[in-house]
Amino acid sequence: MSESDGDSSTTESDSSSELDVGNTRFNPLKALYSTKLKVPVPKARLHDNVSTLESKQNTLGGFTERFNETRLKELRAAMGSKKVKMPANGEMPQRRFLPEQGPVLRVRAAKHTRNLFIRHEKGFEGPLAQLKAWMNAKQRVRVYIRKQKGVRGHVSGVLEIFDKHWNLALSDVSETWTRRKYRYSENTLHPDSIVASMDCSARLRRLGIVLPEMKVRPADGKKNVIIARKVPQLFVKGDMVVLVTLEPTEPQASTSKGKK
């Protein structure tokens with residue numbers, strides 16, 4: 001009897017040690033099905049699994065920290081505020097890049113701009129070089145202008161700027177040209193179809209347009225007249241230029257005649 005009693009007491013001690021959570025011989029499988037298991041903390045919070053408990057304790061700082069539900073909520077709220085906010089409806093999500101993954105800043109070299117002033121700084125050769133010397137010296141030049149057949153006349157002024165196509169910009173211009181007299185030949189039109197000329201200078205003045213005064217004098221012969229006028233500025237296209245030279249000290253009247 002003594003032996004049986006000893007065996008039973010040993011079996012009960014072994015069973016109690018396997019159901020003791022703090023014992024090294026704790027048997028969790030036996031504890032699940034035993035009705036004699038005593039929970040060390042009756043008011044302990046229940047968890048679905050060990051991973052849930054481990055996650056909560058790691059949030060608090062480890063298993064050495066005491067479990068605190070309020071502090072756990074505060075920590076989770078602080079962690080949630082640092083999460084990426086979802087874009088609102090209709091907004092495209094913005095991708096986040098690391099500093100080394102960002103776009104490479106490309107600096108484009110300034111494109112060399114070619115214009116007329118840079119071309120003048122480089123200088124010219126040949127006849128254009130002489131033209132530039134007159135321009136720099138502010139000397140008056142005479143430019144002979146062509147017409148469909150022959151030379152129309154000439155303009156004199158101070159050369160302000162020019163280009164390689166011989167387009168010229170002049171200031172303080174005196175223009176002189178030759179044209180045929182009006183109604184020199186016999187008019188074959190019916191008298192009723194001839195409309196008398198009208199002076200529109202008053203109407204142009206009301207519109208703010210002031211025409212330069214033209215002086216007409218007879219040329220050599222009876223068919224042509226020489227007209228002269230002065231304008232502050234004038235642009236001459238290069239395809240109309242026949243010759244460019246310095247203006248003579250004593251301007252001479254043009255004697256060019258229109259060809260038949």
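Which residue forms a salt bridge with Lys30? It is Glu18, with the closest N and O atoms 3.1 Å apart. This is a predicted model, where local features need pLDDT of at least 70, side-chain atom pairs count only at pLDDT 80 or more, and totals for chains, interfaces and linings use all residues. Residues are numbered from 1 along each chain as its sequence is written, and side-chain values use heavy atoms, with hydrogens and water left out.

**Salt bridges**

- Side chains of opposite charge can pair when their charged atoms come close.
- The structure holds six salt bridges, each being a side-chain nitrogen of Lys or Arg within 4 Å of a carboxyl oxygen of Asp or Glu.
- The bridge between Glu18 and Lys30 has its closest N and O atoms 3.1 Å apart, and the pair links distant parts of the chain, 12 residues apart: Glu18 is in helix α1 (residues 2-18) and Lys30 in helix α2.
- Helices (H or I, at least four residues) and strands (E, at least two) are DSSP runs, numbered from the N terminus.
- Glu18 is buried because its relative accessible area is 19%, while Lys30 counts as partly exposed at 32%; buried means under 20%, exposed over 50% and partly exposed in between (1.4 Å probe, protein chains only).
- Lys138 and Glu160 meet through their side chains at 3.3 Å, N to O, joining the loop between α6 (127-136) and β1 (140-146) to strand β2 (residues 151-162), 22 residues apart.
- Both partners are partly exposed, Lys138 with a relative accessible area of 49% and Glu160 with 35%.
- Arg140 and Asp172 form another salt bridge, at 3.2 Å from N to O, and this pair connects strand β1 with strand β3 (residues 168-180) across 32 residues.
- Arg140 is partly exposed, at 26% relative accessibility, and a network of salt bridges links Arg140, Asp172 and Glu247.

**Backbone angles**

- Lys138, in the loop between α6 and β1, has a positive phi of about 55° although it is not a glycine.
- Asp172, in strand β3, also has a positive phi, near 50°, and is a residue other than glycine.

**Surface patch**

- Leu29, Leu32 and Tyr33 make up a nonpolar surface patch with about 430 Å² of accessible area together.
- Patches are made of residues with over 30% relative accessible area and no salt bridge, with like charges joined within 9 Å and nonpolar side chains (Val, Leu, Ile, Met, Phe, Trp, Tyr) within 5 Å; accessible areas come from the Shrake-Rupley method with a 1.4 Å probe, and for residues only the protein chains shown count as cover.
- Leu29 sits in helix α2 (residues 28-33) and counts as exposed because its relative accessibility is 56%.

**Largest pocket**

- The largest pocket holds about 980 Å³ of space.
- Of its 26 lining residues, Val39, Ala44, Arg45, His47 and Leu53 are the closest to the centre.
- On a 1 Å grid over the protein atoms alone, a pocket is an open set of points where a 1.4 Å probe fits, with protein on both sides within 12 Å along at least five of seven lines, and lining residues have an atom within 4 Å of a point.
- Grid points are joined across faces, edges and corners, and the volume is the space filled by probe spheres set on the points.
- Helices α2 and α3 (50-60) each supply at least two residues of the lining.
- By class, the lining has 16 nonpolar, four polar and six charged residues; Ala, Val, Leu, Ile, Met, Phe, Trp, Tyr, Cys and Pro count as nonpolar, Asp, Glu, Lys and Arg as charged, and the others, Gly among them, as polar.
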